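This briefing is meant to be read beside the sequence and the model.

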Amino acid sequence: MTAMAAAPNPAPAPARRMPPVPGRSAIAARGWHAAHKWLLARRVVQMATLLLFLAGPWFGIWIVKGNLSSSLALGVLPLTDPLLVLQSLAAGHLPYRDALIGAAIVALFYALVGGRVFCSWVCPVNVLTDAAAWLRRRLGIKSGRTPPEALRWWLLAGVLAASAATGSIAWEFVNPVSMLHRGVIFGIGAGLAIVAAVFVFDLLVASRGWCGHVCPMGALYALVGARSVLRVSAVRRAKCDDCMDCFTVCPEPQVIRPALKSVGGAGPLIQAPACTNCGRCIDVCSVDVFRFATRFDQRSES
Amino acid sequence: MASPNRPESSSRRRFLNNVAGAAGGAAMLSLGVGLYAKQASALPALALRPPGALGEADFLGTCIRCGLCVRDCPYDTLSLAQLGDHVATGSPYFTARQVPCEMCENIPCVRACPSGALDRGLTDIGKAKMGLAVLVDQETCLNFLGLRCDVCYRVCPVIDKAITLERRHNPRSDRHALLIPTVHSDACTGCGKCEKSCVLPEAAIKVFPFAIAKGQAAAHYRKGWEEKDKAGGSLIGDQIQMPTRRPDALPEAVK
């Protein structure tokens with residue numbers, strides 16, 4: 001350290017070794033809060049969702065009972081995870097109407113706002129994998145090998161096949177998503193190890209590995225919201241200065257390029273089902289390329 | 001013939017490699033999940049399902065692990081299994097020795113279940129079959145030793161139907177009676193109150209899942225005495241009185 005400081009010309013090498021911090025120019029242009037608007041909104045929604053479930057067992061305020069697998073809000077509104085119902089059907093069981101209606105409501109909602117809005121705005125594992133991605137970026141970790149992006153589609157099919165073959169809801173034996181959410185509310189036990197494994201996997205093995213490549217729940221929600229109304233649009237893509245910040249922060253970076261760079265004459269809407277509508281690209285862009293839009297809004301401004 | 005070095009050929013190869021990698025990886029993971037699901041499906045002998053639960057195999061294909069039954073149980077009897085509990089992760093169960101089922105008349109846990117894993121066809125809690133009580137240890141049960149403990153019999157919500165005291169001779173004193181707590185499977189709901197209240201440090205009466213606790217008679221077995229009652233008389237007619245045949249030729253002394 002002293003040798004470095006005593007050097008006549010402090011070489012820029014250590015500074016260059018620091019990984020770039022995405023969004024720095026956006027913070028400079030619009031201020032910290034505006035450059036974290038959607039991120040903060042997501043964290044608030046994630047925490048509020050969890051608090052709704054915890055208000056009952058912790059404070060005796062029963063607004064929502066159950067967990068993300070299935071819940072009953074205010075004693076009337078059933079909400080059920082569609083993947084669970086699909087697995088149950090694959091296992092050869094027709095669930096009661098409550099669960100079917102609950103799954104239909106959930107599917108309809110995410111079909112409108114974007115299936116993977118569940119992933120980025122509700123799922124508790126998102127906080128964990130976002131933290132892993134952030135840490136991986138800050139520490140400059142490049143190790144590991146990322147599984148193919150299509151793994152999740154095959155795993156979704158495989159999970160349904162396993163349910164059919166065993167006659168049980170197979171994915172629930174290992175699903176870290178429900179394990180974490182249920183664990184926070186009902187007690188987690190050794191499930192903590194599986195949740196920790198997901199964090200370590202994302203940190204050391206594969207960048208955005210779990211949510212972006214493995215999780216079959218995310219895969220199903222992507223299918224559900226494949227034609228959703230709410231989309232991110234690169235409306236002012238002509239202004240893009242190629243700083244790459246959006247690619248760095250995006251949990252599914254492959255979805256941006258067609259819309260941003262007009263690949264094959266594509267419009268400015270991000271159409272890929274894998275987009276989670278997290279809005280982080282909107283946050284970090286210093287020239288305001290992105291904004292939320294509807295799928296019918298194909299205009300682009302310059 | 002396409003040259004192996006043509007770019008479309010190499011991109012096709014990369015594509016096929018990717019597909020094979022993803023499909024193969026997913027198949028391995030699914031197989032692992034399936035095998036684990038199969039292996040982790042065994043229910044430990046002391047874990048009981050809530051009233052109205054489908055048979056264990058069907059239960060695991062129907063229960064979506066939401067915990068609504070747990071929430072609506074007024075006695076905190078039920079809990080959701082955590083990984084490491086040896087019960088399928090996230091599924092509801094109770095341990096009779098800790099908190100038994102209080103057999104609520106309106107069965108709130110069954111009414112809360114959104115999936116059908118708890119069958120709403122169960123409307124009379126007296127018909128529940130959560131398990132079956134078995135007096136497992138005749139060496140330590142106080143009634144078997146000739147004492148009048150009777151606690152399991154007294155606390156039974158279906159007293160004199162699910163558990164009766166059967167009088168038997170006490171061969172030790174040769175003067176007293178043994179009053180043996182006897183469980184009747186047609187009336188026992190498996191609520192576990194007997195196991196909970198057994199006064200011994202380790203209960204002599206325990207509730208097990210039905211599949212463990214109950215034997216099964218072969219389908220073709222008939223009990224002669226029951227058939228006789230049903231038919232109002234012997235099915236093979238009255239016993240024929242055979243004449244006593246004596247060898248007349250024998251000398252008088254042998255007769």
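The pLDDT is the predictor's confidence in each residue, on a scale from 0 to 100, and two residues are said to be in contact if their C-beta atoms, placed from the backbone, lie within 7 Å. This is a predicted model, in which local features need a pLDDT of at least 70 and side-chain atom pairs count only at pLDDT 80 or more, while totals for chains, interfaces and linings use all residues. Residues are numbered from 1 along each chain as its sequence is written, and chains are lettered from A and ligands numbered from 1 in the order in which they are written.

**Confidence in chain A**

- Chain A has an average pLDDT of 86, and 93% of its residues score at least 70.
- Where pLDDT is low, the predicted coordinates should not be read in detail.

**A helix pair in chain A**

- Helices here are DSSP runs (H or I, at least four residues), numbered from the N terminus.
- Helix α10 (residues 176-186) and helix α11 (residues 191-205) of chain A pack at an angle of about 125 degrees, and their axes are 9 Å apart.
- That angle makes α10(A) oblique to α11(A), since angles under 35 degrees count as roughly parallel, over 145 as roughly antiparallel, 65 to 115 as roughly perpendicular and the rest as oblique.
- From α10(A), the residues A:P176, A:M179, A:L180 and A:G183 meet A:G191, A:L192, A:I194, A:V195 and A:V198 of α11(A).
- This contact of α10(A) with α11(A) has seven nonpolar, two polar and no charged residues, where Ala, Val, Leu, Ile, Met, Phe, Trp, Tyr, Cys and Pro count as nonpolar, Asp, Glu, Lys and Arg as charged, and the others, Gly among them, as polar.

**Domains of chain B**

- Chain B is divided into domain 1 (41-128) and domain 2 (131-213), with bounds that come from an automatic or database domain assignment.
- Eleven residues of domain 1 of chain B are in contact with 15 residues of domain 2 of chain B.
- The side of domain 1 of chain B that touches domain 2 of chain B has nine nonpolar residues, one polar and one charged.

**Contact between the chains**

- In chain B, 39 residues are in contact with 49 residues of chain A.
- With 15 residues, α1(B) gives the most to the side of chain B that touches chain A.

Technical notes. Helix = DSSP H or I, 4+ residues; strand = E, 2+ residues; numbered from the N terminus. Axes fitted to C-alpha atoms, helices over the stretch in contact; angles between N-to-C directions.
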